[in-house]
Protein chains: 2
Amino acid sequence: MTVAKRPVALNMTDLAERAGVSIATVSRALSGASGVSEETRRKIRMLADDLSYAVSPDAARLARGSSGRVAVVTPDVAHWFYASMLDGIVTGLRGTDLDVLLYEVKEERERRRFFEELPARRQVDALILVALPISDDERRRLDLMGVTVVMAGGTLGDHPHVRIDDVEAGRQATAQLVRAGHTRIAMINSTGTWSLEYAAPSARLKGFTTVLEEAGLPASMVVNRHWGSHGGVEGMSELLSLPEPPTGVVAFSDEVAFGALRTLRRAGVAVPHTMSVVGIDDHHLADMFDLTTVRQPVTEQGLVAGQLVHGILQEGEPAAPHVVLPTQVVVRGTTGPLPSLPGGPN
Amino acid sequence: MTVAKRPVALNMTDLAERAGVSIATVSRALSGASGVSEETRRKIRMLADDLSYAVSPDAARLARGSSGRVAVVTPDVAHWFYASMLDGIVTGLRGTDLDVLLYEVKEERERRRFFEELPARRQVDALILVALPISDDERRRLDLMGVTVVMAGGTLGDHPHVRIDDVEAGRQATAQLVRAGHTRIAMINSTGTWSLEYAAPSARLKGFTTVLEEAGLPASMVVNRHWGSHGGVEGMSELLSLPEPPTGVVAFSDEVAFGALRTLRRAGVAVPHTMSVVGIDDHHLADMFDLTTVRQPVTEQGLVAGQLVHGILQEGEPAAPHVVLPTQVVVRGTTGPLPSLPGGPN
DNA sequence: TGGGCTCACGTAAGCGTTTACGAAACGAGA
DNA sequence: TCTCGTTTCGTAAACGCTTACGTGAGCCCA
């Protein structure tokens, strides 16, 4: 006597027997395919319900040739930005019959390993890369998978993508300070987190410098730090230690801005009267810091990415493969008019 | 002439042909099973590498009977707590050959749908529930899946779980204020987010009241709000409007505390001199708010959950199925000694 | 009344693996 | 040299579905 591996699950053959029809009919009835009378279909469906039978996705996919799964690859699940993207993707895919397989590639090592072993290989119908900068070599490996690839929060060759215009975001943030009359404006930017160049920092910097030029303001101070809150703490410290500190600061991200604000609070510098700060993101805690910022629709980007994948899988090439979502200034309390006495309190 | 659905992928039979051996040998060689000479194995592995062939997981799993996947079910991917849990789980599972299938059940509707349709059904070997309160009925449905179920951040019948001691967390937070000499201590708690009772709020409340009793302090004010930052904003407003406001507040979570701090800042109430605040979590931005809090190891809980699942799948029943991780006070700037002039500034 | 159509359903051939079982080859002990 | 045990490998039967194709049954219209 052999013991079944999965004692509980009954299969389609069992169901067919009890329903008194062939397995093919059951398959058709349950999958919604045509070729079954409505009555038979109903009968089978009810029976399946009663016996709480579910079609084995693995077997179905083996037979059909497509997996019904999409892989999401992200550098850091825990981080607000990626988590929000993921959230958007998942909701964008809800309702479709696509499941999400999650891969995190935190460090350079893991990322190399991911592209070498391609664990998602032959497992998914599509791949969504979340703001993951990628080398040409890796792109080639990816194509080897032979699946749809979509980039969310960046670009990737000709592959479909969703993103924001980072140059514009940088412009908007900077313009907000220029408009308020500031003339000594600095930026706490963020590069070098990845060994591969991530596009956002340089794009935002470009927006920053462009606006300053257009306003006829002198080329200004830019410090580079890690793009988390601690980067902001350090960056602002450095700016404060300058002989002639700026009166306004553009932060690469809201988290950087949070850190900057903490430094300012500890240093007793009045915000926005002595120092104005503007971030980029509209982090869900930005309101708690009263932070003026440039909102980028993160969840929506994920959502669009999900829909893009769904569309492509369903009907081939997408209508609009490259989506750029708008950003927009959200004015709160950390920006204000030029201080009357530069450097002095209040 | 028929067109192949997946033109690229070659299969094990192809590989076997080119290697001049049978498909069984290839399978054994690639899976690491015994019964192949080392030389043959090496040869086959090299060939597979050259042709960049990878075993089809679906087919392998169909044949083997286990999916090699684990489902993670969480109420909100974007939220710091769940995202951190997820992060821990993913890292805990890294290195094993288990993939993560992600399911988000945000609203009551979706959650009901999840348990009715069980999309993860027959797709995974195990299920990790992330702080998801569950009814008895749903638990029964779950057992019907016939897979290992692990709870992270809570309990679930006899199923293995990882969590913290929420009563203790509540105690520690409250004790921190009592120790500082506060006598009018309030709590901004959080209930009713789910239709099902979530255990943490009542447990933390219990810790709160117990400490007050032990200290001989009068039963104190407790307001209930949503457990996000806006709940904290509202909760603190309500407390401030009291005829005799407290001098110390325990917040259900750090996010609630963030909101509370914002209200205090806007109201011009000095922290910690006029009002002390302590949170629970040690959110990664807690430091930016200078928030005193009770740290709970979130990522670690996820990590343990992942390891638990891996262990169970590998060797059956786990050695220690119920893990309780310690919490610990982190003192920062939002708590201080009892104000000399209650209610007055500074 | 019969020829052709449509519809509902069954038969069986895959899909790409794993694995029980058996066969061949080889070495060793007697 | 014969026999027995190992080791290495091949054969073929699953695994649980989907789907191309075939077969009757029923229907319509000439």
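Which atom of Ser37(A) lies 2.8 Å from a phosphate oxygen of DNA strand C? It is a backbone N or O atom of Ser37(A). This briefing describes a predicted model, in which local features need pLDDT of at least 70, side-chain atom pairs count only at pLDDT 80 or more, and totals for chains, interfaces and linings use all residues. Residues are numbered from 1 along each chain as its sequence is written, chains are lettered from A and ligands numbered from 1 in the order in which they are written, and side-chain values use heavy atoms, with hydrogens and water left out.

**Relation of the two chains**

- DNA strand C has 27 residues around it, of which Thr25(A), Thr40(A), Met12(B), Ser27(B) and Tyr53(B) come nearest (a residue is near a strand if one of its heavy atoms lies within 4 Å of it).
- Sugar or phosphate accounts for 64% of the atoms of DNA strand C within 4 Å of the protein, and bases for the rest.
- Besides Ser37(A), whose backbone N or O atom is 2.8 Å from a phosphate oxygen, Ser22(A) places a polar backbone atom 2.8 Å from a phosphate oxygen of DNA strand C (a polar contact is a pair of N or O atoms within 3.5 Å).
- A base oxygen of DNA strand C lies 3.4 Å from a backbone N or O atom of Ala63(A).
- At least two residues of this surface come from each of α2 and α4 of chain A and α2 and α4 of chain B (helices are DSSP runs of H or I with at least four residues, and strands are runs of E with at least two, numbered from the N terminus).
- α4(B) gives the largest share of the surface near DNA strand C, five residues.

**Surface near DNA strand D**

- Around DNA strand D there are 27 residues, the closest being Met12(A), Ser27(A), Tyr53(A), Thr25(B) and Thr40(B).
- Of the atoms of DNA strand D within 4 Å of the protein, 66% are in sugar or phosphate and the rest are in bases.
- Phosphate oxygens of DNA strand D are approached by a backbone N or O atom of Met12(A) at 2.7 Å and by a polar side-chain atom of Tyr53(A) at 2.6 Å.
- An N or O atom in the side chain of Arg28(B) is 2.8 Å from a base nitrogen of DNA strand D.
- α4(A) supplies the largest share of the surface near DNA strand D, five residues.

**Cavities**

- The whole structure holds four cavities of 30 Å³ or more (a cavity is a set of points, on a 1 Å grid over the protein atoms alone, where a 1.4 Å probe fits but cannot get out; lining residues have an atom within 4 Å of a point).
- The largest cavity contains about 120 Å³ of space (a volume is the space filled by probe spheres set on the points, which are joined across faces, edges and corners).
- Its lining comprises 14 residues, with Phe81(A), Tyr198(A), Ala200(A), Arg204(A) and Gln296(A) nearest the centre of the largest cavity.
- Both β5 (161-164) and α9 (199-214) of chain A supply at least two residues of that lining.

Conventions: 1 Å grid on protein atoms, 1.4 Å probe; cavity = no way out; pocket = protein on both sides within 12 Å on 5 of 7 lines; lining within 4 Å. Polar contact = N/O pair within 3.5 Å; in protein donor to acceptor, adjacent residues only side chain to side chain.
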